[in-house]
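Okay, everyone, let me put this one up on the screen. I'd like to walk you through a cavity, a pocket and a couple of residues.

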Amino acid sequence: MSRTRMVALDVDGTLMSYGGVISEEVRAGVTALVDSGRHVVLATGRSAHSAVEVALDLGLTHGWVVCSNGAVTARLDPEHDAGYTLERTVTFDPGPALRAIALEIPDALFAVEDLSVGFLVSAPFPAGEITGQQTLVPFERLASAPATRVVIRAPESTPEEFHALVERVGLHEVTYAVGWSAWLDLTPGGVSKASALEEVRRELGVEPYETLALGDGENDVEMLRWAACGVAMGHANDVVRAAADEVTGTIDDDGAVAVLRRVLA
């Protein structure tokens with residue numbers, strides 16, 4: 001791992017506990033990587049405003065952040081009022097997918113990303129589940145505007161039921177990832193953390209064999225396959241583990257720390 005020059009890191013469940021805590025050991029590991037001259041790139045499903053908050057909290061002030069599962073790429077810029085600029089966004093027409101899922105789960109909660117602000121929502125989401133401002137709008141408005149990311153939440157469903165729903169409905173025009181709970185993320189077709197990271201890699205002039213990625217969720221699968229060394233967290237499911245080259249400890253064990261230290265060794 002000593003030849004690694006670009007390290008792509010998922011946030012929730014990887015660097016940060018599900019309670020929103022980043023340990024001092026993780027912070028120290030990220031700082032040491034930056035100080036060594038390596039490129040640390042957060043790659044997350046979070047929206048840009050939320051992802052950048054995490055980056056700044058970790059002490060990252062320059063570089064790249066892949067947001068919205070690859071649909072949005074931001075560049076950290078301390079000279080900018082928000083601390084970042086949006087360098088690339090990819091959108092899709094969410095209408096067909098939203099209408100198809102609404103027919104199957106009429107009581108689901110729907111949210112469409114409102115860049116740098118928060119989300120347009122069909123109904124309020126539970127506290128802490130999505131970040132930024134929630135703006136209540138009619139369903140047809142959600143379905144009619146180009147979107148970078150869509151979130152569907154069905155509290156009474158299970159991840160297994162969401163997987164079955166995706167198979168039944170089709171959703172061929174989008175990229176999707178099912179979360180740990182009954183949570184479905186939709187992004188533009190062909191877009192993933194991996195596709196955005198590949199553009200960042202080329203921009204940075206890093207060779208493919210100099211890349212490492214660490215993640216725990218199904219939205220990390222493409223990223224783990226993309227990296228020369230893909231590492232899954234120990235609590236990841238079998239699909240995620242199968243996409244990785246190796247497995248580290250769980251989030252409760254601070255499994256990311258061992259990986260960060262090995263890169264530096």
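The lining of the largest cavity splits into 3 nonpolar, 5 polar and 3 charged residues.

Quick housekeeping. This is a predicted model, where local features need pLDDT of at least 70 and side-chain atom pairs count only at pLDDT 80 or more, while totals for chains, interfaces and linings use all residues. Numbering runs from 1 along each chain as its sequence is written, and side-chain values use heavy atoms, with hydrogens and water left out.

Back to the cavity. On a 1 Å grid over the protein atoms alone, a cavity is a set of points where a 1.4 Å probe fits but cannot get out; a pocket is an open set with protein on both sides within 12 Å along at least five of seven lines; and lining residues have an atom within 4 Å of a point. Points are joined across faces, edges and corners, and volume is the space filled by probe spheres set on them.

How many cavities of 30 Å³ or more does the structure hold? There is 1, and the volume of the largest cavity is about 70 Å³. Its lining includes Asn69, Tyr176, Asp185, Lys193 and Glu222. The elements giving two or more residues to that lining are β10 (174-178) and β11, and β10 has the largest share, with 3 residues. Strands here are DSSP E runs of at least two residues, helices H or I runs of at least four, numbered from the N terminus.

Now, Asp185. That residue sits in strand β11 (residues 183-188). Asp185 is buried, at 8% relative accessible area; buried means under 20%, exposed over 50%, partly exposed in between, with a 1.4 Å probe and protein chains only. The Asp185 side chain makes polar contacts with the side chains of Arg149, at 2.7 Å, and Trp183, at 3.2 Å. A polar contact is an N or O pair within 3.5 Å; within protein, one atom must be able to donate a hydrogen and the other to accept it, and residues adjacent in sequence count only if both are side-chain atoms.

Last, the second largest pocket: about 160 Å³, with Arg38, His62 and Trp64 among its lining residues. Strand β2 gives the most to that lining, 3 residues.

Definitions and conventions
Nonpolar A, V, L, I, M, F, W, Y, C, P; charged D, E, K, R; others polar.
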